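Trainee: Could you show me how to read the packing of two helices?
Mentor: Gladly, let us look at the model together.
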Amino acid sequence: MRAWTLSGAVREEHEWSKMADHVQSLAQLEILCKQLYETTETGVRLQAEKALVEFTNSPDCLSKCQLLLERGSSSYSQLLAATCLSKLVSRTSNPLPLEQRIDIRNYVLNYLATRPKLAAFVTQALIQLYSRITKLGWFDCQKDDYVFRNVIADVTRFLQQDSVEHCIIGVTILSQLTNEINQADTSHPLTKHRKIASSFRDSSLFDIFTLSCNLLKQASGKNLNLNDESQHGLLMQLLKLSHNCLNYDFIGTSTDESSDDLCTVQIPTSWRSAFLDSSTLQLFFDLYHSIPPSLSPLVLSCLVQIASVRRSLFNNAERAKFLSHLVDGVKRILENPQSLSDPNNYHEFCRLLARLKSNYQLGELVKVENYPEVIRLIANFTVTSLQHWEFAPNSVHYLLSLWQRLAASVPYVKATEPHLLETYTPEVTKAYITSRLESVCIILRDGLEDPLDDAGLVQQQLDQLSTIGRCEYEKTCALLVQLFDQSAQTYQELLQSTNSSSIDITVQEGRLTWLVYIIGAVIGGRVSFASTDEQDAMDGELVCRVLQLMNLTDSRLAQAGNERLELAMLSFFEQFRKIYIGDQVQKSSKLYRRLSEVLGLNDETMVLSVFIGKIITNLNSVRKLVKLSAVQFMLNNHTSEHFSFLGVNNQSNLSDMRCRTTFYTALGRLLMVDLGEDEDQFEQFMLPLTAAFEAVAQMFSTNTFNEQEAKRTLVGLVRDLRGIAFAFNAKTSFMMLFDWIYPAYMPILQRAIELWYHVPACTTPVLKLMAELVHNRSQRLQFDVSSPNGILLFRETSKMITTYGNRILTIGEVPKDQVYGVKLKGVSVCFSMLKAVLSGNYVNFGVFRLYGDDALDNALQTFIKLLLSIPHSDLLDYPKLSQSFYSLLEVLTQDHMNFIASLEPHVVMYILSSISEGLTALDTMVCTGCCSSLDHIVTYLFKQLSRSTKKRPAAMATDDRFLHIMQQHPEMIQQMLSTVLNIIIFEDCRNQWSMSRPLLGLILLNEKYFADLRNSIVNSQPPEKQQAMHLCFENLMEGIERNLLTKNRDRFTQNLSVFRREVNDSMKNSSYGVNSNDMMS
């Protein structure tokens, strides 16, 4: 194999004549490599790093990299050479000639073939180099031959070798190449990335997937010795290859590995044969049972993706057959659950169970031959999982998601086969409730972390339970009444006893806290059209008990109030208000009859007065607290001298400082009680924080400072400030804080982001503080008409988002289990920050473009860069990230639609795809935000289309571009029309009003497609029902004009309510029913 330096573009004889001179520098490079990777001395490592950076930029880097590979004596020098070559082939300016890149590719393959036992990290770096060359040269031709596309031929030479090591290298090359081509590269245009990814998908990916399956079949048939490290490694790489193929971004909108709630793997039609053949699915189920637990999570990950294959890949009969094989495989795992004791296996299996309902309908599941046995096994598995609440708590979400979707589908299932959920759903409900109550004592006894402290997780689970618990509601209520009465009676007896222990009281308060939260949740799960008078009366029984408990706890507030129980009460109030207070509630509801009988509360006005009285009681307790000498001491002496946790402790983790935010929120609220406009009192209170800021500023002003001390001081400081900012809800007090921090200390926060962007323990608190400062809570950010502070505050916000965003994108690939903490959490806070400042109504954003200020443009462009770096898997897997993104998107589509319309086609498609996925989200906040965003987009499109028939100025080129994108991809808007209509007709639609707003625009933009959908639904009904269904659709559009004026929209929303009720009545009396997802395929 010739060396790459022998290409005709360079005089190699001259280069090789200098080889002797390079030997000395080679030895120096090896020394520098050892210093970089092995030394513990920071100074020496920094010097080595600086020297090696200079080496990578030197003109003779290429020839020296070859020397390092050929003659280097250490693995570190080989790693350096591979890394440098990857940078050289990736550079966009002064790229290497084609001949030279071909030579490097051939050299790397030969090098790997002749040295199969290199250090693992060297092999990995060389494979990364090969993958990078192949991807970037995918469209390069030499004599009409695409020279970098013969990847399977390149790998075959490794697979034909006898040694396992060669096979591992070959499989790893394919796996890494698939991953490399699937990942967008920020240094190259995204349009080029998509072009390469699409070509690779069409020309090579199916062959690679087929090869991986064949190799897995061969491996499973050979009885591999998996105790042998190399054979174990081969199987692991084969599974990774299969997973990378299934996880590919097939349609260019990053829907790969789509969320565990909202999942569709967009397998190309050309792959049908692989999935119609049941042996593919059976292969992975067989592998799961035959390999050790260390590898089986990868098998389950592949099965999760296979279970999520788009429905339209099959016809009805094929889908039923595929689902039958899938359910049989799940049943076999549940019957042999030994491997599920491994947390990773357990987690992936829970994800697989969730996919059964998210991708298939209950009406299809019940028709599977073994359904009764499978649903029994799943129920038992769920109950056992809930009872062991301390084991893999993050996996419970998927199990509850499955049961939530099953329970929500019960009113709509048309199949004659029994679904048996009336038997098993109460068992799941009981297991969740009793396990939470039993956990209280164990947590207190063993000093464990209390799940109630994770408000987001608790709320997520309660939202799921609200639907599950309403199924067979009589059993849920009976259980709650029994458990509540037991705990309340015990609690009252303990309070009356003179010798009861505080631990016993705390246990009962913990149990009652869970019960109040759960009662609020199940009341919040009430759906008006599916509820009966008897269920309302049951709600009344539960509400009476909570209000009676409130009277008891209020009497103890001054002596020993329980914060968690008070928060549960407030959550209960919110759920009750949402369901039973408002114009739409029947005043004759049996709930109010029960409240009148027991508590004398005859209507919602009297209940509201109770709620207000509770709030006043809590506030009065605070006013009494402020007068206490101990509280006054805290307000005047909040320093480390008196509170050790406020000090800089080098032994503790940065994350241990979280309590300081809560502490200062409490102090801030206490200070607010009597603060008024007293600036002197405020300045006195802020003295310790002023001193801390000055200390950090002093450290930053010197070139050498104690970095750990600076980090700890700053993190503690910003956590303290966020607590104060959160507490200061009034304009007067917040303006004092704003004037204190801006402009004096803002540069310090910006500097911290620049220095420590890669340390989330530092950046996340700073970003959260900034997000709090720009949040116009209670209209506290109201600047005088002559003040530029609103614009200046946005500039600082833009600068921080841009600084953090551009830097965090440089950190490279992060392991999946660390990606949220390292990257996505900060990105989520940036999204929240941008949403808060864009919707705060204290900045006129038109002035930025008018005066040539790029602050707004920088912030929005950074948002797009960050968004495109996140696959939908991550965007939808993490609830906080989902909520911050969809909230921001709603604001952007409402107020900055011109910006959205100016984006590149692939960005627009990404955003539309994310909206499409979000429409079916279980999180109502996400779903409602998607409806609103879609409404703004559809309205904008409709207006532009209306204007396109008139004479337009040249300035409308951007609008033309957006229209062109939509005309090129009509299937996206049509898909969303199908989705919305599907949800309204067939699903438990809890936000019907929100769904109705974009639906009219979608219909007007796709009138022919809507007519086809209507005919499909009508024709799916039995002959005697078709006329009635046709009439429902006629009435839906009765009196609707072809415009999106508010009056027309409101009429359509009213028509839609009637339409939904009539369609449901019609279908309840019908044994037929359209398959809603077939309607969409």
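Trainee: How are α5 and α7 oriented relative to each other, roughly parallel or roughly antiparallel?
Mentor: Two packed helices are described by the angle between their axes and the distance between the axes. Here α5 (residues 75-90) and α7 (residues 120-136) pack at about 15°, with axes 9 Å apart. Angles under 35 degrees count as roughly parallel, over 145 as roughly antiparallel, 65 to 115 as roughly perpendicular and the rest as oblique, so α5 and α7 are roughly parallel. Axes are lines fitted to C-alpha atoms, for helices over the stretch in contact, and angles run from 0 to 180 degrees between N-to-C directions. Helices are DSSP runs (H or I, at least four residues), strands likewise (E, at least two), numbered from the N terminus.
Trainee: What should I know about the model and its numbering?
Mentor: This is a predicted model, where local features need pLDDT of at least 70, side-chain atom pairs count only at pLDDT 80 or more, and totals for chains, interfaces and linings use all residues. Residues are numbered from 1 along each chain as its sequence is written, and side-chain values use heavy atoms, leaving out hydrogens and water.
Trainee: Which residue has a positive phi of about 55° although it is not a glycine?
Mentor: That is K143, in the loop between β1 (141-142) and β2 (145-146). K143 is exposed, at 81% relative accessible area; buried means under 20%, exposed over 50%, partly exposed in between (1.4 Å probe, protein chains only).
Trainee: And where does E472 lie?
Mentor: E472 sits in the loop between α21 (455-470) and α22 (473-496). Its phi is positive too, near 55°, and E472 is partly exposed at 28%.
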